[in-house]
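Visitor: I would like to learn how to read a structure. Please take me through a few features.

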Amino acid sequence: MYRISELAESVGVSRATLLYYEKLGLLHGQRQANGYRVYSDADRQRLRLMQQLQAGGLSLKESQACLDGKLDREMLNHRLETLEHEIAEKTRSRDLLAALLGRGSLKDWHEEVERVAPDLHRSWLMSQGFSSAEAGLVAMVSKDMNAHDAYMAGFMEVFSELDRWGPGTEAATLKALAALPFAPETILEIGCGPGMATMTLAEASMARFTATDTAELALDKLRARIAARGLNDRIEVQNVDMAVIPTPKRPWDVIWSEGSAYILGVEKALADWRALLRPGGVLVFSDMVWRTDKPEDEVRAFWAAEYPAMATPASRVAQAKRAGYRVLGHFDIGSEGMEAYYRPLAARLEALEADLAGSRVLDDLRREIAVFEAGRGQFGYEMFVLERV
């Protein structure tokens, strides 16, 4: 027999807890003539079994029900589902904390935050020491601030030998230029990359240019093209963050941005860049858009992660009107524009397969190419020509 203090010590609980159990009817001690309660070894074993049931997530009441009758399987199944949900939540919390400490990937987390709070996502990244340009690249390209530098190094290795860093064609650039209601004197190109559109515009107009990007490798390629064609007097190349373009002394006639507005966010780009245009000036930009309301599940899932703000042309037109533009026109750059980007990219990845084996850059770009092949006709690039009202 055990006195209450002895029983409490043997099962690792307090005397007050055992008194509480007695009050609930979970334990029944025998009171002796001297007033002391005593308990049998059966009581001790009952307490041990109850502790095991509680370790499985059961409440005191549920544990008592299991001890005093048959197991309630429905109740146990419900408790198991609850526990599994709690474990999953704790696991996600643990993985996030580990990733924030650099011990895991933040890709899924960045994708989710970009989907639900893109502006705050980028502001938070900037508070961690990234420039606005780098914050945009973390949000939309590398998607892991801990592995950003390594990812971008691999990314730049892939694109270093490519002329086009996004879908487009010379014909599409010229078609958009022809839609302008005036001959531009000045053009600001944002996100110029290696300068394929820059050179097309320079040869088809007499405008003076400022071409901007933050990828110095791309700007060096553009500088070489400019020098080779003797256009240094008309084209100035600057390494400038698209989110902090300085206000010009004289507003621009035209702002041109093929395939880069998504990094800043189209809605923000429409607002910010409008302030840099003269009244009646024109913004030309291209963007990936949906071509169907019912894309295949694989295609929808891919772009939901890679570009959650992707919209239809009609939605972009509505955004432009709300932002203070008159839509002069918009058009599909066509399959040629998509092929002009994805075919050389696929060949480049094949050439670098041994060097990039096992890297996320290789996996990500290959998956994008696979989705392009599987989703033909379901998405594509649209060119928009907008006049500032």
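Visitor: Leaving aside neighbours within four places in sequence, which residues is phenylalanine 379 in contact with?

Guide: First, note that this is a predicted model. Beyond the neighbours within four places in sequence, phenylalanine 379 is in contact with Met288, Val289, Trp290, Arg291, Val299, Trp303, Met310, Met338, Val371 and Phe372.

Visitor: Which residues touch the most other members of the largest nonpolar core?

Guide: In soluble globular proteins, nonpolar side chains tend to be buried together. Here the largest nonpolar core has 89 residues, and Trp273, Trp303, Leu345 and Phe379 touch the most other members. Strand S8, residues 277–290, supplies the largest share of this core, eight residues. There is also a second, separate core of 13 residues, with Leu18, Tyr21, Leu26 and Leu60 among them.

Visitor: Is glutamine 378 buried or exposed?

Guide: Glutamine 378 counts as buried because its relative accessibility is 11%, and the cut-off for buried is under 20%. Glutamine 378 sits in the loop between helix H19 (360–374) and strand S10 (379–388). Not counting residues up to four places away in sequence, glutamine 378 touches Trp290, Arg291, Thr292, Pro295, Glu296 and Val299.

Visitor: Where does lysine 221 lie, and what is its relative accessible area?

Guide: Lysine 221 is part of helix H12, residues 216–228. With a relative accessible area of 21%, lysine 221 is partly exposed.

Visitor: How many residues apart in sequence are lysine 221 and aspartate 163?

Guide: They are 58 residues apart in sequence, while their C-alpha atoms are 8.9 Å apart in space. Asp163 is also one of the residues in contact with lysine 221, along with Ser160, Glu161, Leu162 and Pro194, leaving aside neighbours within four places in sequence.

Definitions and conventions:
Residues are numbered from 1 along each chain as its sequence is written. This is a predicted model: local features need pLDDT of at least 70, side-chain atom pairs count only at pLDDT 80 or more; totals for chains, interfaces and linings use all residues. Side-chain values use heavy atoms; hydrogens and water are left out. A nonpolar core is a set of buried Ala, Val, Leu, Ile, Met, Phe, Trp, Tyr and Cys residues joined through side-chain atoms within 4.5 Å. Buried means under 20% relative accessible area, exposed over 50%, partly exposed in between (1.4 Å probe, protein chains only). Helices (H or I, at least four residues) and strands (E, at least two) are DSSP runs, numbered from the N terminus. Contact means heavy atoms within 4.5 Å.
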